[in-house]
Each structure stands twice: as C-alpha cells, then as structure tokens.
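Biologist: Could you walk me through this one, starting with a helix?
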Amino acid sequence: MHVLVIRLSAMGDVAMTVPVLVEALEQNPDLELTVLTKKPFQHFLPLSSRLHFEAMDTNGAHKGFRGIYKKFKELNANYKFTAVADFHNVLRSRVLSSFYRMKGKKVATIEKGRDEKKQLTRKENKVLKQLEHSSKRYAAVLKKLGLNLNFDPRQRKAYLQKPAETPLALNTHNVGFAPFAQHQGKAYPFEKCKAAIQQLAKNKAVNVFLFGGGKTETKLLSTLESDNVFSLAGKFSLPQELAQIANLDVMVSMDSANMHMASLYGIRTISVWGATHYFAGFLGIGQKTEDVIETSVEELDCRPCSVFGNKPCFRGDYACLNKIESNRIVDKINAVLNP
C-alpha cells in the first residue's frame with residue numbers, strides 16, 4: 001500500500017506528523033508513504049526506501065488551481081498511490097485530493113475539531129477541556145485508510161537520528177531558548193526573556209543557545225550574546241539548527257515550531273503559553289504538562305482566547321504573557337538540569 005500524505009504547513013504541524021508516520025511504517029511493514037509538503041520541511045523526515053518526500057511550491061509553480069493540477073500530473077506520472085491521507089483539510093489539499101477521488105483512489109481527511117476549539121477559545125462560556133492531540137487526529141486519518149496504528153502522543157522518544165556534530169560547542173549543560181513565535185499572543189516579552197537568559201548565563205557550566213528567525217528577531221537575539229550565550233538566528237541552516245537542538249539538555253519554547261522540533265529528538269521542553277492553551281491539542285509529542293509554564297485560567301479567565309495566537313488581545317496588555325515572571329522559567333530550567 002502506497003499512501004500520499006498531504007500536509008503543506010505550518011512548520012510545527014508538519015513536524016508533528018513525523019512521529020505518526022514513523023510509527024505507521026513500523027507497524028505496517030508493507031506500507032510506503034510519500035509526504036507532500038514545502039521544501040524546507042524535508043529536513044524533518046527520516047527518508048528511506050519506504051518514506052519519500054515531494055515538494056509543493058504553493059507560491060510559485062504550484063500556486064492556484066492550475067498549479068495544483070500541475071503537481072497532480074507530476075505525482076501521477078511518478079507514483080502509483082493506493083490512497084491519499086489529507087492531513088491538512090484546506091482548500092488546496094481538498095482540490096488535490098479530489099483529483100485522486102476522480103481516479104477512484106480512496107481519500108481520508110483529517111477532522112480538526114474546529115467547533116470544539118471555538119468553544120475552548122470563545123470569550124464567554126468557554127468549554128475548558130483537553131481536546132484530542134493533533135497527532136492523534138493524523139493517526140485517525142491513516143486508520144480510516146485501513147492501516148493498523150497504535151500511537152500514544154505522551155511517549156517521549158527520538159524519532160529522528162541525533163546528528164554527530166553541532167555547529168556550536170557544547171558545555172556541561174546546554175539550554176535552548178526560543179522566545180519568539182509567529183504571533184504576539186504566543187511570544188514571551190523580550191525584556192523578560194533577556195532577564196531569564198542573563199540569569200542562566202551566570203552559571204558558566206551552562207551554554208544558552210538562542211533560536212529565532214527574521215531580521216528583527218536576529219537583531220534582538222544578537223544583543224543577548226555573551227561568553228556562554230550564542231544566537232543561531234540568521235547564521236545557520238535549518239539542518240544545523242536541528243543538530244544543535246538534538247544535543248540540548250532542555251529546550252525552552254513558546255507554543256511554536258521549536259517545541260515540536262525538540263520533541264522529534266526526545267528533548268525535554270519547557271513550554272511557555274500565552275493566548276493559546278495546550279488543551280487545543282498542540283503540546284509537543286512526548287512533553288508533559290508539568291513542564292508547561294502559563295498564567296492559570298483561574299487567574300486570567302480570558303485564557304485561552306485563540307487557537308493559534310493570532311487574535312489581538314482584547315485587554316490590550318497581553319497579561320497572559322506579561323504575568324509570567326522570568327524566574328519561573330529559570331527555576332524550572334535549573335530543576336531539570338539539577339534534579
């Protein structure tokens with residue numbers, strides 16, 4: 001059985017597919033998978049004779065209806081798929097899936113639980129309960145296609161092989177810190193980040209490695225560098241950053257891609273949550289709620305107000321993040337490094 005798996009974005013969501021795909025291949029010896037996603041994300045995939053990668057350029061050659069059809073023809077010429085697993089369920093993936101339906105191929109599509117997530121994040125009468133983890137939703141798609149798959153997102157293990165070398169030298173203790181996120185509702189305030197990093201750097205047995213992207217983030221992180229604080233932002237490729245992450249003792253991340261990248265290597269991650277909540281099903285695979293740092297919903301009942309952190313704060317002060325003192329993060333890191 002050869003299945004086309006479609007998940008085009010975002011980085012963290014694509015990273016969360018990897019453990020599910022690895023387990024599916026291990027539990028189904030006759031299974032072959034081809035993952036269709038954006039080119040940079042191929043670095044997350046442990047490619048093999050049974051796991052293949054196909055790039056889709058959604059802003060270029062494969063943009064719009066004609067571009068999707070072009071990609072369909074390319075795929076159809078190179079592969080004989082048995083079925084299609086749509087892990088994305090957006091217009092682009094549904095159009096591509098429809099071409100395969102017309103060829104008589106079985107298609108299964110993810111159920112994202114949009115109504116449940118709206119109830120979780122609405123302003124009044126929130127329904128505060130743990131929703132199904134995103135990885136379980138991916139697994140359910142493959143099971144709809146008849147595959148055997150037992151997957152537990154609570155299990156921490158390395159799904160990617162640890163690279164032998166890191167771009168930056170390691171120390172006795174190695175901490176990753178990724179304070180930024182795509183949206184303000186998920187990004188830790190920079191001054192509080194600075195305070196935490198400076199406190200950590202007082203211990204010369206600790207190296208702190210900073211992760212981020214974009215010109216503004218790169219510039220800000222560069223101001224924090226010292227003898228044992230190093231920024232990777234704007235200096236190294238994604239594979240090099242992954243190599244550094246794979247050799248950390250602990251990662252500090254927002255509800256963002258860095259949490260999921262660390263999880264692929266089984267790295268314990270302290271996650272900081274603001275406008276979003278792990279109840280929505282996006283906690284890193286293998287990570288524990290005991291490592292979540294947040295302003296409790298009892299203290300701030302407007303949380304969570306967004307599934308993805310993209311909604312402006314109706315209070316205007318992002319109290320969910322500003323109420324988190326930097327010493328909470330430092331204390332948690334030290335507890336992990338010195339159990």
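Modeller: Helix α2 (residues 64-78) has 15 residues and reaches 22 Å from its first C-alpha to its last, close to the 21 Å expected at 1.5 Å a residue, where the expected span is 1.5 Å times one less than the number of residues and helices are DSSP runs of H or I, at least four residues, numbered from the N terminus. This is a predicted model, in which local features need pLDDT of at least 70 and side-chain atom pairs count only at pLDDT 80 or more, while totals for chains, interfaces and linings use all residues. Residues are numbered from 1 along each chain as its sequence is written, and side-chain values use heavy atoms, with hydrogens and water left out.

Biologist: Which residues of α2 are buried?
Modeller: G67, I68, K71, F72 and L75 are buried in α2, buried being under 20% relative accessible area and exposed over 50%, with partly exposed in between (1.4 Å probe, protein chains only). Because they cover an arc of only 145° around the axis, they sit on the same side of α2, the arc being that of the directions from the helix axis to the C-beta atoms.

Biologist: And what do the buried residues of α2 pack against?
Modeller: They pack against β1 (2-6), β2 (32-37), β3 (51-55) and α3 (91-102), with contact meaning heavy atoms within 4.5 Å and strands being DSSP runs of E, at least two residues.

Biologist: Switching topic, where is G286?
Modeller: G286 lies in the loop between β10 (269-273) and β11 (292-294), and it counts as buried because its relative accessibility is 0%. Not counting residues up to four places away in sequence, G286 touches P153, R154, Q155 and R156.
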